Amino acid sequence: MTLNGKRRNRQILTNKIRAEKHPGQAEQPEYRIDRIVRLTVRIRSLNYFRMSSTPAYAELARQLWSSGPQTTTVAPATGQPLATLRLSNQADFAVAFDRARKAQQVWATLSPRNRAALALTLHDLILGDNNLIEILQAETGKLRGAAVEESLTTAGVALYYARNTSAFLKPRARTGAIPLATRAVELRHPKGIVGVISPWSSPLAHGVSEVIPALLAGNAVVHKPDTQTVLTTLYVRQLLIRAGLPADLWQVVVGEHDAIGAVIAGADHICFAGPTTMGRHVAEAAGRRLIDCTLELHGKNPMLVLDDADVELATTGAVRACFSAGPHLSTERIYLAEQIFDDFVPRFIAKTRQLVLETLTNPGQLERVRHHVDDARLRGARILSGGKARPDLGPLVYEPTILTGITPAMAVHHEPTFGPVVSIYRCTDDEHAVTLANDSDYGLNACIWTRDLHRGRHLATRIQCGTVNINDGYASAQTSVDAPVGGMKASGHGRRHGEHGLIRYTDIQTVASRHVPGFDPPPGLGMEPNSEVLALAYRLMQTMRRK
């Protein structure tokens, strides 16, 4: 056995002894002082966290012509003021919809190819734009790698729809009632105004990436981003205007519940990403108006690590899936096969303790994380790593936390945490793992780790989630823009990305024409004989496979 192997075994044994002495609390990570100093210096040295004093960001805020009361956002990493914005009032909402409606009538007359050209330019503008990355970091607290990943995904969405919009909106011939005698064509018309309501957790992926296909389908957009991430939205809007978009086509309004109600009341289609509780209200309000809605809601995302998995690869992937995916897609439940449990857990803990800590975004998120961890601790769960806030590093920093011994009585068992907390469970076989993974009201994203891809794909079809990744936490599905993504059960309604991600913003119209005498009986032939002739014709077409 190597020296490193002996040390690792001694450490595992030491952890077990300490856990037996203190069953409610396993050994906590001893973060090295140099890591704390580096992280503290890194956070406090970022000038863009003081955006309110930067003229460029003040100019961004001036894109808003809202006339309501002022509000000030703060930088999650420092708690210091970030930007001062005016909220929108009822008069502002009315003006936004009026401007958007007028602009859309002209925009819809352009060919899909002309509209799509703007998205190609936007793709080029987003790539490598450090200003966009810094604004996204400042507003959300994301580490640079996560911010870059989200911007690249959005650039990919722009490129995809720039290349495919014309084909998706092209008139499609459909089989007529009687071949040669009738002809049917399917047409796509823009809805009119799409209302986009996007979250603070991913303003590009669930905000801008929805605006792009809505515009290219021929619609105008009235967009209510979360107030915390308004500047990110305004910056990309500025890029798209630079690319040639008429400014009135993309209206940005600011506010909370009253703004959501105003957007639903005036739009012709709603796209919402956020909590499931709010999603239900959005769907109910849209239903009263008989307009469609697309919802991508919270998840309680499971990971299944099978007995044949590459444990080294799986633990690396688990760290990324649990603590670097962003709260929307992060894995919160890990189901481990008995055979690899004791090998997986210590490696996972060790890699988690090497992470650079990332700030949360708002006090509500921190409070939810604290509640889930404290509730689990009080009810007997073991904390294998993390488990506490780190105000010495930032007002919203919480250590990546690994729990075991979770029971249904604990809130973390079934409620989405939306923060850096994951629970580990043992499972006896594949059937047990699938049953546990599906034992949830939510079904957004899942992942399976196995060396046998055929086995993994078979199990994936049984997982009740909108996307399932094999040997990857989330990125394989989320960056495959040609494939639709979204949630099952309480995690959503409808899909984004792919062809469906654009045509959902259109109304379908069928135009059918009759070229020869059709269903009416010819002169001298009664209804009953004519019915027999038509039935004979249908049998003949069935035999010839023409219908």
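This is a predicted model: local features need pLDDT of at least 70, side-chain atom pairs count only at pLDDT 80 or more; totals for chains, interfaces and linings use all residues.
Residues are numbered from 1 along each chain as its sequence is written, and side-chain values use heavy atoms, with hydrogens and water left out.

**Stop 1: the largest cavity**

Select E149, E150, A205, A325 and L329. Of the 21 lining residues, these lie nearest the centre of the largest cavity. A cavity here is a set of points on a 1 Å grid, laid over the protein atoms alone, where a 1.4 Å probe fits but cannot get out; lining residues have an atom within 4 Å of a point. Rolling a probe the size of a water molecule over the atoms shows where empty space is left.

The largest cavity holds about 290 Å³ of space. That volume is the space filled by probe spheres set on the grid points, which are joined across faces, edges and corners.

Now colour α7 (144–169), α8 (204–216) and α18 (475–478). Each supplies at least two residues of this lining. Helix α7 gives the largest share, four residues. Helices (H or I, at least four residues) and strands (E, at least two) are DSSP runs, numbered from the N terminus.

Seven residues are nonpolar, 10 are polar and four are charged. Ala, Val, Leu, Ile, Met, Phe, Trp, Tyr, Cys and Pro count as nonpolar; Asp, Glu, Lys and Arg count as charged; the others, Gly among them, count as polar.

**Stop 2: the second largest cavity**

Move to E210, C271, T294, E296 and R496. They are the closest to the centre of the second largest cavity, out of 14 lining residues. Helix α8 returns here: α8, β8 and β9 (292–297) are the elements that give two or more residues to this lining. About 70 Å³ of space lies inside. The lining divides into five nonpolar, four polar and five charged residues. In the whole structure, a search finds five cavities of 30 Å³ or more.

**Stop 3: helix α10**

Select residues 257–266, helix α10. Its buried residues are A259, I260, A262, V263, I264 and G266. Buried means under 20% relative accessible area, exposed over 50%, and partly exposed in between (1.4 Å probe, protein chains only).

Next, show what covers them. The cover includes α4 (90–107), β5 (193–198), β6 (220–225), β8 (269–274) and α11 (276–289).

**Stop 4: along α11**

Stay on α11 and show the side chains of R288 and E284. They meet in a salt bridge, 3.3 Å from N to O. A salt bridge is a side-chain nitrogen of Lys or Arg within 4 Å of a carboxyl oxygen of Asp or Glu. The two residues are four apart in helix α11, so about one helical turn separates them. R288 is exposed at 61% relative accessible area; E284 is partly exposed at 48%.

**Stop 5: more salt bridges**

Select R172 and E499. This salt bridge spans 2.1 Å, N to O. R172 lies in strand β3 (172–174) and E499 in the loop between β19 (492–493) and α19 (500–503), so the pair ties together parts 327 residues apart in sequence. R172 is partly exposed at 28% relative accessible area, and E499 is partly exposed at 26%.

Then pick R390 and D392, another salt bridge at 3.0 Å, N to O. R390 is buried at 9% relative accessible area, whereas D392 is partly exposed at 38%.

Finish with D307, D308, D430 and R455, which are linked in a network of salt bridges. The whole structure has 28 salt bridges.

**Stop 6: S440**

Go to the loop between α16 (430–438) and β15 (442–443), where S440 sits. Is S440 buried or exposed? At 13% relative accessibility, S440 counts as buried. Leaving aside neighbours within four places in sequence, S440 is in contact (heavy atoms within 4.5 Å) with K300, R333 and K489.

**Zoom out**

Show the whole protein: 20 helices and 20 strands. Of its 547 residues, 54% count as buried. Among contacts with a separation of 6 or more, 72% join residues 24 or more positions apart.

Technical notes:
On a 1 Å grid over the protein atoms alone, a cavity is a set of points where a 1.4 Å probe fits but cannot get out, and a pocket is an open set with protein on both sides within 12 Å along at least five of seven lines; lining residues have an atom within 4 Å of a point.
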